[in-house]
Amino acid sequence: MDPEDIKVATFHSHYGAIMFRKRAGVDAELRPVPRTLSSSCGTAVFFTSPFNPAIADENTEAVYMRDGDCWREIWRK
Amino acid sequence: MDIREKGKLGLTGLLIGAAAVILTVLGNPGNMGFCIACFLRDTAGAMHLHTAPIVEYVRPEIIGIILGSFAISVATGDFRPRGGSSPVLRFIIGFIVMVGALVFLGCPLRMVLRLAGGDLNALVGLLGFIAGIGVGCIFLSNGFTLGKAEKQSAIEGAALPGATILLFVLFLAVPSLLLFSESGPGSMHAPVAAALLAGLLAGVAAERTRLCMAGGIRDIFLIRDFTLISGFAAIFLAALIGNLITGSFRLGFADQPVSHPMHIWNFLGMTAVGLGSVMLGGCPLRQLILAGEGSSDSASAVLGMIVGSAFAHNFSLASSANAGPGTNGKVAVVAGIIILVAIAAVVTIKERRKA
């Protein structure tokens, strides 16, 4: 994955992450939620394709984009 | 990022493993430097919730873990009161997790400490724990969720840490209100200050790193990620080295401290703990940490575990050291697993219909 394009989506359930990954394209991966984003130990989806809010559903919590060393929120339910 | 997180988890594991051995040297029962299930049970006994005379003591480790998590989460902005994600189901699941743990005689953290002490009965428990987590992962992958947690008031989030402070004040100021074992595991304890300090350190470190005994195995099953399991491995390593240094390591099944060699019940007890922990989103230690961060859902699970421990002793569900569980305990574990699977199945089917 190109680090500049990486986005990460967080979810209310693991199943939400599985379903999102299917919709997010071939370069999407399931990984633990980054500690800097949350103290929860849930599953996140890392992906590089452009984020289309239509692929989010009620299980999607938020989507962040890499911004230097930080994550910048670009979408929240 | 992954290597940094693994490093922090490794250090946390080493800290907790070493602290556990030190607490044992200072007076805690064998291979019981930390045990969330046993210590909640002892605390329940001290509060007159059960009357098993050998397991009554307010364990400062529990108080330290909750307050350590609470303090560091307030300081770092992780204190976010939330709740409303099936609190009654979480209470019931917490209850069953406790019954399973008391049939095995330990929570997942003590299972690792028992392994590090050479207790091979814990290896049987580990297999059961992995099996339970595996079943839970099947449900998670097919839609199981206890629902979304919503924002709550600060007082709701601080209620359990506040109650913990009140209990500690009563313990120090009016101990005559509480019960204390004069013999058995409840009478064996490290000095209060050492136990509280160890709990505080464990609470702070586990909150920062998200250490979870169940989460490590769950992440291997679900996303092939080995980050969380590194904490589990480091606890084992530190406790193993500590036990070898102190001469507490004794390999075998028989005559292990607070343990029994009935394999099927060690396996099934920890199966209930593994499955229940995956459904709750974390092991008993993680529930204490999340409760400290303001999760009233995890507080419900902790209350379920406390009540479960009281039932386990009032109704003879808990195992006896060496002898294992009686009939009541065996029935309770099997019934508990059936109830967990039934809850998971019903919720999963409902979620799949919604999708």
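Me: How many helices and strands does chain A contain, and in what order do they follow?

Reply: Helices (H or I, at least four residues) and strands (E, at least two) are DSSP runs, numbered from the N terminus. Chain A holds 1 helix and 5 strands, and along the sequence they read β-α-β-β-β-β. The model is a predicted one, in which local features need pLDDT of at least 70 and side-chain atom pairs count only at pLDDT 80 or more, while totals for chains, interfaces and linings use all residues. Residues are numbered from 1 along each chain as its sequence is written, with chains lettered from A and ligands numbered from 1 in the order in which they are written.

Me: What does the radius of gyration say about chain A?

Reply: The radius of gyration is taken over C-alpha atoms, and the globule rule is 2.2 Å times the number of residues to the power 0.38. For chain A the radius is 11 Å, close to the 11 Å that the rule gives for 77 residues, so chain A is as compact as a globular protein of that length. Its C-alpha trace spans about 30 × 25 × 20 Å along the principal axes.

Me: Which strand of chain A is largely enclosed, and which is hardly covered?

Reply: A residue is buried if 20 or more other C-beta atoms lie within 10 Å of its own, exposed if 12 or fewer, and partly exposed in between, with C-beta atoms placed from the backbone. Buried residues make up 39% of the 77 residues in chain A. Strand β3(A), residues 43-47, has 4 of its 5 residues buried, so it is largely enclosed by the rest of the structure. Strand β5(A), residues 70-76, is hardly covered, with a count of 0 buried among its 7 residues.

Me: Which strands does β3(A) pair with?

Reply: Two strands pair if DSSP finds at least two bridges between them. Strand β1(A), residues 7-11, runs antiparallel to β3(A) and is joined to it by 4 bridges; here T10(A) has A44(A) as its bridge partner. Strand β2(A), residues 29-32, is also antiparallel to β3(A), again with 4 bridges, and L30(A) stands opposite V45(A).

Me: What is found in the hairpin of β4(A) and β5(A)?

Reply: Strand β4(A), residues 60-67, pairs with β5(A) in the antiparallel sense over 6 bridges, and M65(A) stands opposite R72(A). The hairpin has 2 residues between the strands, and G68(A) takes a positive phi near 65°.

Me: How many residues of chain B are in contact with chain A?

Reply: Two residues are in contact if their C-beta atoms, placed from the backbone, lie within 7 Å. On that basis 21 residues of chain B are in contact with 13 residues of chain A. In chain B, α6 (121-141) and α9 (213-223) each supply at least two residues of the side that touches chain A, and the largest share, 4 residues, comes from α9(B).

Me: Which residues have the most contacts inside the largest nonpolar core?

Reply: A nonpolar core is a set of buried Ala, Val, Leu, Ile, Met, Phe, Trp, Tyr and Cys residues joined through C-beta atoms within 7 Å. The largest has 127 residues, and V99(B), L102(B) and A272(B) have the most contacts inside it. Helix α4(B), residues 87-104, gives the largest share of this core, 12 residues.

Me: What scores does the model have?

Reply: The model scores ipTM 0.91 and pTM 0.97.
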